[in-house]
Amino acid sequence: MARYLFHRAWQSAITLLLATVVVFLGMRALPGDPALALAGEDRTPAALAAIRHHYGLDQPVWVQFGHFIANALHGDFGVSVRTGIPVSSMLRTALPVTVELSALAILIATVVGVGAGVLAAVRRGRPSEWFANGLALIGLSVPHFWLGLLAILYLSVGAGLFPASGFVPLSHPIDNLHHLILPAVILGTGLAAVIMRQTRSAMLDSLSADYVRTARAKGLRPGTVVGRHALRNSLIVVITIVGLQLGGLISGAVVTEQIFGLPGFGKMTIDAVFQRDYPVIQAVVLITATAYILINFIVDLLYSIVDPRIRVAGEAS
């Protein structure tokens, strides 16, 4: 197990380094000059030169990359060109909002998706399966932003059940959940639909397998057969889907945060892109890439726990 973990950690570190190089060089390849955006309309050549020197933009790219890596290893992502505030401070404010929103959306999507998928498989051919399939089709086909606008119109403005915008820190848990529950439901809708369909398909395969028929022949209760035997072997599909869809969830969080006025990565990223705020964009993309790699690493670990054959194959390779 230790050898397998070391092998996966080494691969993740190499991938993160390559992602960092691509992000840094990609930002420099974009058109536009952050010094021009910062200097404003009354800029002079001397002012532009001073700004470039102050932010290190006049140095060779490889020198800038070296400084970026050295500082990033210490949690220092530089100073925002747009606001003059350290990027690490901006991240400490925005990151918890996005993490909390994404975690709540994953929790809702997993519970609803797995529950609906199991129900649709166990009650195949009944109205409950058709209802679950219909909800999954709606969740897959309707865009998040449109669902979000409808939710604000009818549930927030019309019925007054949820706030239409804003964020309350986690130190006030009730108000915090009240503000985040609606954006999290909207964000997790697509993921819940995907999990439901994949869980249903995996459960149908498991329920028709020989070991499930053997369990039933032994006289085990239906709940034990479904929960302990069929569902456990279907979870590897759910883990795969959740891991693959998390990337889309983070991207979707940008749109959802804009719609509901949440001060997370979404608003910070969009403002940074329009202002060519290199330090902020680099930090956001680097943290997002790190999250992708970390999620895949955790998914691989869960694979090895759920299915020991994967761990043995990984150690052999």
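Eighteen residues, given here as 18, line the second largest pocket of this predicted model, and Val112, Leu135, Gly139, Thr189 and Ala192 lie nearest its centre. The volume of this pocket is about 360 Å³. At least two lining residues come from each of the helices α5 (87-122), α6 (127-141) and α8 (173-207). Of these elements, α8 gives the most to the lining, with 7 residues. By class, the lining of the second largest pocket comprises 14 nonpolar and 4 polar residues, with no charged residue.

The largest pocket holds about 430 Å³ of space. Its lining consists of 19 residues, and those closest to its centre are Tyr55, Asn71, Phe77, Gly78 and Pro279. Two or more residues of this lining are given by each of α1 (2-29), α4 (61-73) and α12 (278-306). The greatest contribution to the lining of the largest pocket is that of α4, with 4 residues. The lining also draws on two domains: domain 1 (1-74) and domain 2 (88-315) each provide at least three residues. In the lining of the largest pocket, 9 residues are nonpolar, 8 are polar and 2 are charged.

The packing of helices is considered next. Two packed helices are described by the angle between their axes and by the distance between those axes. The table lists these values for two pairs that involve α8.

| Helix pair | Angle between axes | Distance between axes |
|---|---|---|
| α5 and α8 | about 35° | 4 Å |
| α7 and α8 | about 145° | 10 Å |

The crossing of α5 and α8 is right-handed. The residues of the contact between α5 and α8 divide into 26 nonpolar, 7 polar and 2 charged.

Helix α7 covers residues 144-158, and the crossing of α7 with α8 is right-handed. On the α7 side, the contact is made by His144, Leu147, Gly148, Ala151, Leu155 and Ser156, while α8 contributes Leu182, Ile186, Leu187, Thr189 and Gly190. By class, this contact of α7 with α8 has 6 nonpolar and 5 polar residues, and no charged ones. Thr189 of α8, which takes part in the contact with α7, is also among the residues nearest the centre of the second largest pocket.

Isoleucine 106 is located in helix α5. Not counting residues up to four places away in sequence, isoleucine 106 touches Leu191, Val242, Leu246 and Leu249. The C-alpha atom of isoleucine 106 is separated by 8.3 Å from that of alanine 192, although the two residues are 86 residues apart along the chain. Ala192 is, in turn, one of the residues nearest the centre of the second largest pocket.

In summary, α5 and α8 pack against each other at an angle of about 35°, and both helices supply residues to the lining of the second largest pocket.

Technical notes
Residues numbered from 1 in each chain as written. Predicted model: local features only at pLDDT ≥ 70, side-chain atom pairs only at ≥ 80, totals over all residues. Heavy atoms only, no water. 1 Å grid on protein atoms, 1.4 Å probe; cavity = no way out; pocket = protein on both sides within 12 Å on 5 of 7 lines; lining within 4 Å. Points joined across faces, edges and corners; volume = space filled by probe spheres on them. Nonpolar A, V, L, I, M, F, W, Y, C, P; charged D, E, K, R; others polar. Domains from an automatic or database assignment. Axes fitted to C-alpha atoms, helices over the stretch in contact; angles between N-to-C directions. Left-handed = near helix turned anticlockwise from the far one by under 90°. Contact = heavy atoms within 4.5 Å.
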